[in-house]
Amino acid sequence: MNQSTLLFAAGAAGLLFAGCATTDSSTANEQILVELKALNAKLETLSGKLEENTKAVAKLKTAPAAIGAALPHVPRTGDKEALDKLKLADNPTPDDIRKYIREIQKATEGQNSFAPSDQQVDLYRQIGPGNLEVILPFLRANGIGAYHLQNALDGLVGIEDKELAIKKIKEYPTLAIAFVKNGWVEDAREELLTILEKSDNPPHELARDAAQLVKTDADRKRLIDIFCTRPNQFALLTTIKTFPNTDMREITERAFENFRYTQHWNRQQYATAAANEGSLKALDGLIEMMPEPGDNSNNNSYMRDQIGKALLALTGRPANPTALRKWYDENKEKLVFNKERGRFEVK
């Protein structure tokens, strides 16, 4: 029994003694003992229930993560019925366009699965070019509707909007999507390179199609440095692989070293890329990242599948983390990379 329980019992005993002061002492003492035993029994029961409740609360605190890991992802699209009813007014005013965008956003609430073919993208395209000033504030959003609006940008930013878009691209980096899709990269090449250098989350399309930005050896070096040091720039690898006289092992290994302590999925990309170029450090890193069998937390079943496929291709061995670690530790001094086969072999 804890100290507070004992103090409570002692206090109760004091009250009982005070109340019985005028009675026969022997009878009073017997009565007090009976009542104290009953009181102690009740306190023991309450203490037990308190302990049970404390354990139950502790379980509830960890339940959401466990439930989230156990439940499958259920994709949800926008409210089709609401989206089907939306129609932009003829010759819309700026207020009409703002209202229309907000209605699309409202019908998108709760959506958790997105694709460029979603209905909202076509609805945004109906706004047409020439309205960039009205649309710009909505590009700030990182949540509801931003994805669909960004995917419609090539149809919303026309030649009449180009001058404004060039002025605003630093403030609204997602405008880079329109420059890439509309073939205007040369008109804002320096601004687009700066977005890749400075933004922590630049448009994927810009990194994916970065070859359009490269004109000189200095540009190539700049893109390599961005790939190796800036987050969320893995898509640059496709362009960098086309550069002449480039040491891809050195580049990918440098990137891996810089990102090896970032999010699991992120470092797995860099480790795989470097291992595919023959980096032993990256192979070691991939084996280290491999989740143990039975560990399905934090999407580890997906990570196990991705890393397992990479390690099977790189070593020819099943993706058992314990066995792979033993094999690697025993043979790392003898491993050579067979570039033609894309595999590490014991010499």
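**Exercise 1. Find how many salt bridges a search of the whole structure gives.**

Start with the criterion: a salt bridge is a side-chain nitrogen of Lys or Arg within 4 Å of a carboxyl oxygen of Asp or Glu. Apply it to the whole structure. The search finds 26 salt bridges. Note the basis: this is a predicted model, where local features need pLDDT of at least 70, side-chain atom pairs count only at pLDDT 80 or more, and totals for chains, interfaces and linings use all residues. Residues are numbered from 1 along each chain as its sequence is written, and side-chain values use heavy atoms, with hydrogens and water left out.

**Exercise 2. Characterise the salt bridge between Lys 80 and Asp 84.**

Step 1, distance. The closest N and O atoms are 2.9 Å apart.

Step 2, location. Both residues lie in helix α3, residues 80–85. Helices are DSSP runs (H or I, at least four residues), numbered from the N terminus. Lys 80 and Asp 84 are 4 residues apart, about one turn of the helix.

Step 3, accessibility. Lys 80 counts as exposed because its relative accessibility is 52%. Asp 84 is at 45%, so it is partly exposed.

**Exercise 3. State which helices hold Arg 254 and Asp 225, and what the pair ties together.**

Step 1. The side chains of Arg 254 and Asp 225 form a salt bridge at 3.8 Å, N to O.

Step 2. Arg 254 lies in helix α15 (residues 248–259) and Asp 225 in helix α13 (residues 217–229), so the pair ties together parts that are 29 residues apart in sequence.

Step 3. Arg 254 has 29% relative accessibility, so it is partly exposed. Asp 225 has 27%, so it is partly exposed too.

**Exercise 4. Name the residues linked with Glu 186 in a network of salt bridges.**

The network links Glu 186 with Arg 189, Lys 215 and Asp 219.

**Exercise 5. Is Thr 272 buried or exposed, and what is it in contact with?**

Step 1. Thr 272 sits in helix α16, residues 264–275.

Step 2. Its relative accessible area is 15%, so Thr 272 is buried.

Step 3. Contact means heavy atoms within 4.5 Å. Leave aside neighbours within four places in sequence; Thr 272 is then in contact with Leu 286 and Ala 310.

Terms used:
Helices (H or I, at least four residues) and strands (E, at least two) are DSSP runs, numbered from the N terminus. Buried means under 20% relative accessible area, exposed over 50%, partly exposed in between (1.4 Å probe, protein chains only).
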